[in-house]
Amino acid sequence: VSFILFADAANISQEGKLNILGVFDAVHAGPLPAVHPRATVVVRLKATAADVGTHPLTLRWINPRGVELWSSTAELAIQQPPVGTAELDMPVIVQLDLPLDVAGEYRMAVALHDRVEGEARLQLHTAPPMPAPPAGAMMS
């Protein structure tokens, strides 16, 4: 894993370039539990001829207390690189809704064959509760 990050959007251009828009590592939420809708997780993998074959790739979303809130596993098929190519660039782009249940630092862990190869951290800040108005105060 070269890197893993959170972004607003990402795609692969016609030329094969990885485009990433709006990288972030912190979000704000009101009352919890909440959901951060349509977050994009971008993972850049590098592979060589020694990696040819099928490999299980797992993403795990873990809250600040260490509780796994979500996970998904997919099979990653790596083909023989073209002649003269030492390394394959293999971007993975996943769009998902991130469940948020407590304030603090969340982790998106990336594992290959159940071995964590990298993780991105996301800090969740919550708005402080509004103070109660004084007795008899008018609200608008």
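1. Some ground rules. Residue numbers start from 1 along each chain as its sequence is written, and side-chain values use heavy atoms, with hydrogens and water left out. Since this is a predicted model, local features need pLDDT of at least 70 and side-chain atom pairs count only at pLDDT 80 or more, while totals for chains, interfaces and linings use all residues.

2. The fold is strands: nine of them, with zero helices. Here helices (H or I, at least four residues) and strands (E, at least two) are DSSP runs, numbered from the N terminus.

3. Look at the overall shape. The chain has a radius of gyration of 20 Å, whereas a compact globule of 140 residues would be near 14 Å (taken over C-alpha atoms; the globule rule is 2.2 Å times the number of residues to the power 0.38). The C-alpha atoms fill a box of roughly 80 × 30 × 15 Å along the principal axes.

4. Of the 140 residues, 31% count as buried, meaning under 20% relative accessible area with a 1.4 Å probe, protein chains only. Among contacts (heavy atoms within 4.5 Å) between residues at least 6 apart in sequence, 65% join residues at least 24 apart.

5. Now for one residue. Thr-58 sits in strand β5, residues 53-62, and counts as buried because its relative accessibility is 4%. Leaving aside neighbours within four places in sequence, Thr-58 is in contact with Ser-72, Thr-73, Ala-109, Val-110 and Ala-111.

How values were computed
Buried < 20%, exposed > 50% of the residue type's maximum accessible area, 1.4 Å probe, protein only.
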